[in-house]
Each structure stands twice: as structure tokens, then as C-alpha cells.
Amino acid sequence: MRSAAAAGRPARSRLAKPARRTAANDAAPRLPAGQPGGAPNDPKLDELRRLIAAKEIDTVLVCMCDMQGRLVGKRMTARHFLENHDEVHACDYLLGVDVEMQPVAGLEASGWERGFGDFSIRPDFSTTRFPPWVPGTALVLGDAVDKEGRLVPHAPRAVLRRQVERLAAAGYSAVMASELEFYVFDGGWKEARRNGYGRLAPDGFYSEDYQVFQTTAKERLMRSIRNGMEEAGIPVEASKGEGGPGQAEINLLHAPALEMADRHVVYKTGVKELAEAEGQAVTFMAKWNDRAAGSSCHIHSSLWGTGRDTPASADPKRPHGMSAVFEHWLAGQMALAREMTAFLAPYPNSYKRFQAGSFAPTKLVWSVDNRTAAFRAMGSGRSQRVECRVPGADVNPYLAYAALIAAGLHGIENALPLDPPAEGNAYLSDGVPEIPTTLRDAAAALDGSAVLREAFGDGVVDHYVRAARWEQAEADRRVTDWEVARYFERV
């Protein structure tokens, strides 16, 4: 990753630490109008007003990110948005449901017992985009705020904001990048569902990693994604084929953490919408088929000063070209890798990707430019960075980035030493920690993490531990096609 201008940051808030912190009472900063998330004089709001007056925009899509990393919100008429753009009301269950939009029982912040009241989405006009694949529409991301105007602490964007602020207080900023892989299928989602997802046809026949001829077949879709994202303010570096038939990857240009997470969620939704327009379907499942390569979301991170152009990751005089503080950053991520895995691999399916010899890691080691390790140090000078190879394409970027920043900051604050790098085939490493093999194990590790509880607040950790255990329980009680085929006549 090359240098990137630091994003504007909200004013740092003092976060109280009561004896028992919950998702409801974790001290959350207020987000008044005039602060990021509600600035009435933002240049992008002025541009939006101009486009509405010119009849070029008639719909404003106001969104937030839910627990699963999906965009949720409302399509507002342009007129009504201009008259009522400070806050958009929504049901608080949006941060308390599973992937099927079923309420997760046992959450302290949301549930039938609390009556599913409202919170609001407060637009952050700095995120305003005009996705060309949705004509006449402006898209604005926002923050979930309660009735007192405070950030909802367990909202993914708020979780990341808090860690960005903590890192800034230590004198640093993080630049991140997501490398999302996905599979393209012939036929749309309706066709796939009508067929019971049993006759899925990938748009490809063999491994197309870096292949040009095979990827030309889907170039109409890939070109529309590349160009559409560029027009929507999401810079793209390149696209390429990946290791599975029909699998693709598009590399997005790095950015400050919050901006990069915003780009990630808009990009992911846009890819699905553009595929649908072409009569195709895509999936970001970590492992859609046990015989196919998994889909990853490698996350790159580098450290910068709080200024716009002050790299802090590199020191050419030190081993591997890494600065001392960047060694602590990586050491912290290594130290908390098991504890933060639930934020990097959030579903039971995520863990089926971790197979030896698959280019998905199994051992929690770091190395220098070695794709068999969980953390790959790479680049030099201004591009010095570390790639976390644990997350799959199903990851929520706000939560994953927040966990990586919190872990890195833990390493910096405690000057954690970095172990020597692994060499050779890391899958064969003995006597080293391993990535949890189930969401059940990962949730237990997160539940017991004193460091992440201190960084995120007990309420936030409890919220996501409960959600993870709910998702695992949902998977545990299902009968799969594999079980029927294996046991039907043989037991």
C-alpha cells in the first residue's frame, strides 16, 4: 500500500468505564449535528442539493451497516430527504437479528422484552456517493444513534470509530485495504433459489488464477464493476481470476480505516446488484463448496502518524524493514489472533475454509512474503504493511478492522516483542497456536478476552458472543444434504 491521505476524524471522546459495561450503558459519545455524521454544511451535501435541484437525483438511499456487514436503510424521496435529513428512524432490531432477519434471543440491547423501539441513522455526508448502477440515486452512509444522539455502541461503524479514536490518541492512524474474492454463477439468485441451490453453475470450468482467456468470458460483468466503482468514488486497482472455477478478485485501493470499511460494504452490495443486472449471481460465502477454493478477504494494514503523510511502519535499518512500533503492532495482532477470530470468521461456514494446502491459513504464525502463514509481512518503505490472511469474504469489515486495530494497539501499548518469522510451509509448523476450528471455539475465545473487553466494552463483546453462539446453534440443529447422502441407507 502506498501513502494515503488520512481521513478526517471525529473529536476524541472520553469513554467512561462503569463497573459493569453493557451494550446499553457503555459510554457512547454523542454525535450532534455539526460533527462528522451530521454536518449540515458538508460540501457533499451542497453537491447533493444541487443535483436534486437539477432533477438529476430523485432518490436518496440512507444506509447503515448491520451486524452481518450488509447495508440496511431506507430509500427516501429527494424532497423529503432535504426537509428531514438530520436523522432517519429505523427499528433497533436491525442490530439484533441474524442473517435471516430473525431476532437473536438473549441480547441485552435488543429483544422482545425491550419492545424493539427506534434508533436513528444519522447521515455522514462525507460518505455521499452516486452509484451509476442505480440511476437517479444518491447513497449516504450513516451512524446509528439513540434518542439522546449517542452512538449505539454495538453498531459496527461505532465499534470501528472507537478504535480509530483510540489509535489517534496514541499518535497513529491505520491505513487498510480489503481484497475480496467471490464466485460468479450463471443465472440469478431467483433461479438458484428455485433450484434449491442444488444445480449451481459457476461461470468457469477450471482454475482461472491470473488467467486472461477464461476471465474474458465474464469481462462484461467485471468491467461494469470496475468502472461502476470508480464512478462511485471507490478506486479500483485491478481485477483478476482466482483459484476456483468462476472465482474472481477485485483489488480496491487502500484508504484510512473508516473510509476503507465504508468502501468495502458499498462495493460488496454493488457487486451483487451489478451481477443481478447481468442475469448472474455472486456469492461471498467463505466456502460455497467443499471441493472448491474458499473466498478470502485478506486485510492489509499499515501504520501512519496522525499527519497526512508520515509513514510509521518501516525502518530500513531494522530486520525485515519493519519499524519497532510496527513490530509491536504485528505482535499484538499475533497475540490476540485467537481471541479476535470471531470477528474475522463470523459464521460456522467460515471455518470450513481453513484447510491445509488451500492458501487459507491454519497456523497462527507470521512470515515474510509467505502465503502459508496467517500474517504475511510484505512491501518496503512506504508500502511496508502486514496482510492478515484469516478473514473470509463473509467478514464484516468494521468489526474486523476494529479488532485488528485494537490488537495492534495492545501490542504498541505493551511493547510486545515479535517472535521470529516462520519459514517454509507453515501448514507443517509444530508447537504453534492454531486458528480456532469452529465458531463455537472462537466465540469462547472472544468471551474470555480481557483485552478486547477493555477495548470494546463488555456490552459490545457480550452482544457479538451471543450472536455467534446463536448462529452456531442454528447450524447445529440443521440436517444437511451431506448427512442425508451419507447416512440415509447406511445406518
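Buried means under 20% relative accessible area, exposed over 50% and partly exposed in between, computed with a 1.4 Å probe on protein chains only. The views below come from a predicted model, in which local features need pLDDT of at least 70, side-chain atom pairs count only at pLDDT 80 or more, and totals for chains, interfaces and linings use all residues. Residues are numbered from 1 along each chain as its sequence is written, and side-chain values use heavy atoms, with hydrogens and water left out.

**View 1. Glu-327 in helix H8.**
Let's start with Glu-327, which sits in helix H8 (residues 324–335); helices (H or I, at least four residues) and strands (E, at least two) are DSSP runs, numbered from the N terminus. Is Glu-327 buried or exposed? Its relative accessibility is 15%, so Glu-327 counts as buried. Setting aside neighbours within four places in sequence, Glu-327 is in contact (heavy atoms within 4.5 Å) with Arg-318, Pro-319, Met-322, Leu-416 and Leu-418.

Arg-376 belongs to strand S13 and is buried, with a relative accessible area of 4%.

Of its 26 lining residues, Glu-181, Glu-242, His-298, Arg-371 and Arg-389 are the closest to the centre. Strands S6 (172–186), S8 (247–252), S11 (297–305), S13 (375–378) and S14 (385–388) each give two or more residues to this lining, and S8 provides the largest share, three residues. By class, the lining has 13 charged, eight polar and five nonpolar residues. Ala, Val, Leu, Ile, Met, Phe, Trp, Tyr, Cys and Pro count as nonpolar, Asp, Glu, Lys and Arg as charged, and the others, Gly among them, as polar.
On a 1 Å grid over the protein atoms alone, a pocket is an open set of points with protein on both sides within 12 Å along at least five of seven lines, a cavity is a set where a 1.4 Å probe fits but cannot get out, and lining residues have an atom within 4 Å of a point. Grid points are joined across faces, edges and corners, and a volume is the space filled by probe spheres set on the points.

**View 4**
The model has four cavities of 30 Å³ or more, and the largest cavity holds about 220 Å³ of space. Its lining has 17 residues, with Met-67, Pro-346, Tyr-464, Ala-467 and Ala-468 nearest the centre. Helices H9 (337–344) and H13 (458–476) each supply at least two lining residues, and the largest share, five residues, comes from H13. The lining divides into 13 nonpolar, two polar and two charged residues. As for H9, six of its eight residues are buried, among them Met-340 and Phe-343.
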